[in-house]
Amino acid sequence: MRQIKIYIEKTQEGQRIKDLLKHIYSRRELTRLHSARSILLNGKPAALTAMVQAGDLLESRMALPPILYEDEDLVILDKPSGLSCHMEKEHEEDNLGTMLKERYGSSFVIRTIGRLDREVSGIMIYARNAETARKMETGHLVQKHYLAIASGVFPKQEDTLFYTMEKKRGIRGNSVSESGKPCITHYQVLHQYPSYALLLIEIRTGRTHQIRSGLSAAGHPLLGDRLYGGDPSLLKRPALHCGEAEFRHPRTAQLIKVKSELPRDMQRILSRQE
């Protein structure tokens, strides 16, 4: 993705940032840049609707997200929504794998410990060598806690969902069905609002879209999750955030615990009801 630097001239004064950049980036690219807080006005993240003034400096810069933990074996990042955790066909430059290669050198091999969907935010763990990756995958289970905003009123304050899930040909996403791979999802209602709830979630199995598909099948799709029937009026991406991860270091056995704050887009939804 191209990075730009524009010094605003008098003739450009009063225009919105998105109007200046729409001839440079596609709508999808603008959305990804904005989600990653990588559109800067005078050095600070700016909204696409912000107005520019003569003399302003407008930049786009895909920077590595905040590092929550780093040593010779591991690096843990606070991933924003809209950013892929590894290289994909449509995300060859704006993905965490490429950014880590730029930080550690071209010899860095991308070894993800679990993955987050592109639109899901929160804690993302990478192993920096093969031995650490092997140990993390086989013997050092990572406990993760997610925060989610799910639609509807929950009859139980806390519950564990048991279901099976499979990928069906010709259908996007995964479907809860009588066959497939088993899933165990535990949730606790942290706060019930009139039409949705803030949940704390722990998964006992690690299936793709396990939380999204399972809650949807239970009648509580995540806000913004259009793939699984979620309401997109308040949020344009699934309201899901990996907020905490805990594990024993594969080499030192030290307890590693990292946290990530709820992102602003999800905070805004909750503040509407306060």
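Which residue in β8 does Ile76 stand opposite? In the predicted model described here, local features need pLDDT of at least 70 and side-chain atom pairs count only at pLDDT 80 or more, while totals for chains, interfaces and linings use all residues. Residues are numbered from 1 along each chain as its sequence is written, and side-chain values use heavy atoms, with hydrogens and water left out.

The residue opposite Ile76 is Ile125 in β8. Strands (E, at least two residues) and helices (H or I, at least four) are DSSP runs, numbered from the N terminus. Two strands pair if DSSP finds at least two bridges between them. Strands β6 and β8 run antiparallel and are joined by six bridges. Strand β5 (residues 67-70) also pairs with β6 in the antiparallel sense, over three bridges; Val75 in β6 is the bridge partner of Glu70. Three residues lie between β5 and β6, which form a hairpin.

Six of the six residues of β6 are buried, so this strand is largely enclosed by the rest of the structure. Buried means under 20% relative accessible area (1.4 Å probe, protein chains only). Leu74, Ile76 and Asp78 point one way from β6, whereas Val75, Leu77 and Lys79 point the other way.

Helix α4 (residues 130-138) has Thr132, Ala133 and Met136 buried. These residues cover an arc of only 100 degrees around the axis, which puts them on the same side of α4; the arc is that of the directions from the helix axis to the C-beta atoms.

How values were computed
Buried means under 20% relative accessible area, exposed over 50%, partly exposed in between (1.4 Å probe, protein chains only).
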